[in-house]
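User: I'm new to this one and would like a close look at a single part. Could you walk me through the pockets, and then whatever else is worth a look?

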Amino acid sequence: MQLHRISYSSRAVVEDPFKWAYTLEDHGYTGWEIVQEGSQCLNSKNIQNLKNISETTGLELTLHLPFSDMNLAGLNDSIRAEVIRQMKHYLTLASNYVNLAVIHPGYLSPYGVQVPQEAYFTNLASLREICDFAADFGILIAVENMPDMPKIFGKYPDEMLEMLESIGSHNVGFTFDVGHANTVGLIDDFLEFLNEKISHVHIHDNLGKKDEHLPLGKGTIDWKRVMEKLSDYKGIFVTEMSSVEEGIESLEFLKNL
């Protein structure tokens, strides 16, 4: 199997991602998803590196907005305002280079657990504000389904569908994370109920219990079945690995599928 749009994303904090980004095309990748975590975060210094990559390679670039210490459902208004400010900051920096940005939904804080409906509505309001902001740059915000973790929104297909529809923005999309769906045992359900809403796809493997981000073929996911069900999908597939080597291993697996 040869995918025409296959991107690489590193979930590991690496010293200088802008160096190995230049090697991706040599390995068969057509894109790079830039994760706004640790040394990968865009700033005034490395935005020039991104510009160089955009101008000197054929890589299709997408953005993964930050998720560490970020809670879109947080009920401390000042802290949530800072979270949204940072999201907008990275969208602005990347606006000349990307047309899609992945975002994680919020989660229930200790206070949020006591008022879950208020936290959920806050999550929707945050996502709506970010979608509206990104629309001015022509960047689609693709909300990602989450793994089996306590107190986080977006784990289940019906919940994810309701969330996307409740955001009510023309600029909201859906990042289908196959590995995350496997941790709740609902890959088929996601593909049945949300197939037509998929804007972006993350692929990695696990053993069905934890979000391990293993190379494809190292876990319990039936990739042949998944890819058959996604045969009409024309967007980007993103391997989310800890190293380029694991990404190459996953590409080889796909070729032999």
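Predicted model: local features only at pLDDT ≥ 70, side-chain atom pairs only at ≥ 80, totals over all residues.

Residues are numbered from 1 along each chain as its sequence is written, and side-chain values use heavy atoms, with hydrogens and water left out.

"Pocket" here is a term with cut-offs: on a 1 Å grid over the protein atoms alone, it is an open set of points where a 1.4 Å probe fits, with protein on both sides within 12 Å along at least five of seven lines, and lining residues have an atom within 4 Å of a point. Volume is the space filled by probe spheres set on the points, which are joined across faces, edges and corners. For the second largest pocket that comes to about 180 Å³. Its lining splits into 6 nonpolar, 4 polar and 2 charged residues (Ala, Val, Leu, Ile, Met, Phe, Trp, Tyr, Cys and Pro count as nonpolar, Asp, Glu, Lys and Arg as charged, and the others, Gly among them, as polar).

Now for the largest pocket, which holds about 400 Å³ of space. It has 27 lining residues, and Phe67, Ser68, His104, Met146 and Met149 are the closest to its centre. By class, the lining of the largest pocket has 14 nonpolar, 8 polar and 5 charged residues.

Most residues other than glycine have a negative phi. Lysine 151, though, has a positive phi, near 65°. You'll find lysine 151 in the loop between strand E5 (140-144) and helix H6 (157-167) (helices, H or I, of at least four residues and strands, E, of at least two are DSSP runs, numbered from the N terminus). Histidine 213 also has a positive phi, near 55°, and sits in the loop between strand E7 (198-203) and helix H9 (223-229). Lysine 151 is partly exposed at 47% relative accessible area, while histidine 213 is buried at 5% (buried means under 20%, exposed over 50%, partly exposed in between, using a 1.4 Å probe and protein chains only).
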